[in-house]
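Hello,

Here is the structure I promised to pass on. Please open it first, then read my notes below.

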Amino acid sequence: MRPGRARTVSLILGSDSAMDRDGVGQYTEQLYRHIAAGIEEDRAPDLKVDLVLLRPTSLWEWRTKLAKTFERSDLVHVEYPYEGWGTSPVPGLYPGYLKHVPPRKSAEVVTTFHEWRSMHPLRKASIVPLALSSSGVLFVSDREHAAFRDSFCYRFRTRKPTTRVIPIGVNLTIPGLRVSEILDVRERLLAWGGTRVDLLLGYFGFIYDSKQPLRMLRTLKALLALGVKTRLVIAGDFPADHGAEKKRFMQYIRSLGLEQYVRFLGFVEDEAALARTLSACNAVLLLFSDGASARRSSLWTVLELGVPLITTRPGSAGEFDDLLPRHFRGGLRFVDPTEEAKSLATVVARFARFGPPRQRRGISPCWRTIADDHIAFYRKILQGS
């Protein structure tokens, strides 16, 4: 990289926090804040990083806004949620096109794929041009990284992209909580709707079929059959374009007779209220069909809050080996991804005794380290240009 002027990096944000509810968008905003802090602290005087909101509603907006970003940048980091545009192939096709169309200035392209294995085949096909034209490709999980390197997008490229894994951090601010605040919220949830229960089972995050929400409801039903009076507290919602799945979920609640035992809060915007709600639960249940992964910010949030977490065993050995402290054992219980509801119910029942959780600050990857790793990656790509 030539000495002299600071090189311009454009970090593409694909969602507006005022309108959109999206974990990738929250991640991108946190990443930008910490990279900007690093530049202010003179850890990256050779770079200038801009956060660029890209939320086009037409092909014309894609063409004008993204093309201008490419023209004024030395490096464009595509860091938006590909699923956020529904069936549109443009988010993956157009940046790859801009990389090669003359006579525009050819900015280097870095792309983050938060997932690769589980991406819908049509969505994956639409981002092949971007994957093939990126000089650098980042991942937040070793497993996703390995899957990409085994794919034709990597193996059949003559000039291989530089790839790296940079773990994800907690997207939310973890506030300090008083025990009295937690107990007040717990009492309201225990008595909600006039049907009192003894155990609160939490859920946090966006809801997809891959998180097995129907099996979670069957587990609740099995707990009640065991005589364990339980209420499922859901702090999260289905994505805006998953209306049919949400309707099916609500119908399933009614078909199982669980209306009084499910407290569906939806998306909880207030971070302190969210922390109090999750901390009021005996345990949180997160059932990932492909196993727990280090790319799940919801998982890291629960661990930082200190709430006992029951989740599916990682899909690959060593997923958390270099991330979780070696001494960390308590509060994390792995189950098989195919565990039946009755068996899951017996696991949950073991957390019937409640004690206000003790937060574990520093369990999740450090954002300053994450930012510095991105800065180093940008420099590596720019030096090779």
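α11 gives the most to the lining of the largest cavity: four residues. Keep in mind that this is a predicted model. α11 spans 271–279, and α12 spans 297–305. Each of these two helices supplies at least two residues of that lining.

Which residues line the largest cavity? They are Leu172, Thr173, Ile174, Pro175, Glu271, Leu274, Ala275, Leu278, Thr301 and Leu305. By class, seven are nonpolar, two are polar and one is charged. Glu271 is the charged one, because Glu counts as charged.

The space in the largest cavity is about 30 Å³. The count of cavities of 30 Å³ or more comes to one.

Next, the backbone. Two residues deserve a look.

Start with Asp42. Its phi is near 70 degrees, a positive value in a residue other than glycine. Asp42 sits in the loop between α1 (23–40) and β2 (47–53). Is Asp42 buried or exposed? Its relative accessibility is 55%, so Asp42 counts as exposed. The cut-off for exposed is over 50%.

Now go to Gln212. Here phi is near 50 degrees, again a positive value in a residue other than glycine. Gln212 lies in the loop between β7 (199–204) and α9 (213–225). Gln212 counts as buried because its relative accessibility is 15%. Buried means under 20%.

To recap: Asp42 and Gln212 both have positive phi. Asp42 is exposed, whereas Gln212 is buried.

Best wishes

Key
Residues numbered from 1 in each chain as written. Predicted model: local features only at pLDDT ≥ 70, side-chain atom pairs only at ≥ 80, totals over all residues. Heavy atoms only, no water. Buried < 20%, exposed > 50% of the residue type's maximum accessible area, 1.4 Å probe, protein only. 1 Å grid on protein atoms, 1.4 Å probe; cavity = no way out; pocket = protein on both sides within 12 Å on 5 of 7 lines; lining within 4 Å. Points joined across faces, edges and corners; volume = space filled by probe spheres on them.
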